[in-house]
Amino acid sequence: MLLPRLFCLVDATDDLSLLPLLAAAGVGGFQVRAKAVEDRALLALTRGVCSAVEEYGALVVVDDRVDVALAAGAAGVHLGATDLPVADARRIAPGLVVGATCRSRAEVVAAREQGADYAGFGPVFATASKAGLPEPLGVAAVAAATGVLPLVAIGGIDAAGAALARAAGAHGVAVIGSIWRPPDPVAAAKELVAAVA
């Protein structure tokens, strides 16, 4: 499994017509995270994302939901601290790529022991995309947690932050606002792709 250097998080409110263009621009991973939609809408959204980026070989993971990932034919699932434990997800769905949210080296080690393929590590910088997050960890925390699992840094990451995270040892980054907020998301994505190369 080749883990992408750049994940773009996708919600039901995003402009899904841009997904093939983002994939063509080099965004190798898409994470479906739509907390506000019901199961059937989430399944339809995930299927739509998968079909939009399939021809580019992009990896699609679903936030929190092993069942939706399996039903939609997505490549993987990303599990947070309150979701199904990694070991159980691995048992139910041995073929899925499994990511785990981690905030320290110890959590990355625990995730690896449970069978995670990568760690979503953050928030690295301050972010407004998700409420209730702890204080930003900073790039020093990324450097301290490397070497256990591939780290995908998340949280307030722009192109400059992506380059810093990669220099600190992160395998890649996951972004929301730095792609979806600019007037030209595809140009923003290209800048991020260059930053993590």
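Colleague: In β8, which residue is the bridge partner of Phe7?

Modeller: This is a predicted model. In it, strand β1 covers residues 6-10, and β1 pairs with strand β8 (residues 172-175) in the parallel sense over three bridges. Within β8, Phe7 has as its bridge partner Ala174.

Colleague: Which residue of β2 is the bridge partner of Val10?

Modeller: Strand β2 comprises residues 29-32 and runs parallel to β1, with four bridges joining the two. The chain passes from β1 to β2 through helix α1 (residues 19-24), in a β-α-β crossover that is right-handed. The β2 partner of Val10 is Val32.

Colleague: Are the faces of β1 covered or uncovered, and which residues lie on each side?

Modeller: In a regular strand, side chains alternate between the two faces of the sheet. In β1, five of its five residues are buried. Both faces are covered, with Leu6, Cys8 and Val10 on one side and, on the other, Phe7 and Leu9.

Colleague: How many residues does the largest nonpolar core have?

Modeller: In soluble globular proteins, nonpolar side chains tend to be buried together. The residues with the most contacts inside the largest core here are Leu19, Leu22, Phe30, Val108, Val173 and Ile179. Helix α2 (residues 39-53) supplies the largest share of this core, six residues. The total for the core is 61 residues.

Technical notes
Residues are numbered from 1 along each chain as its sequence is written. This is a predicted model: local features need pLDDT of at least 70, side-chain atom pairs count only at pLDDT 80 or more; totals for chains, interfaces and linings use all residues. Side-chain values use heavy atoms; hydrogens and water are left out. A nonpolar core is a set of buried Ala, Val, Leu, Ile, Met, Phe, Trp, Tyr and Cys residues joined through side-chain atoms within 4.5 Å. Buried means under 20% relative accessible area, exposed over 50%, partly exposed in between (1.4 Å probe, protein chains only). Two strands pair if DSSP finds at least two bridges between them. A crossover is right-handed if, with the strands pointing away from the viewer, the path from the first strand over the helix to the second runs clockwise.
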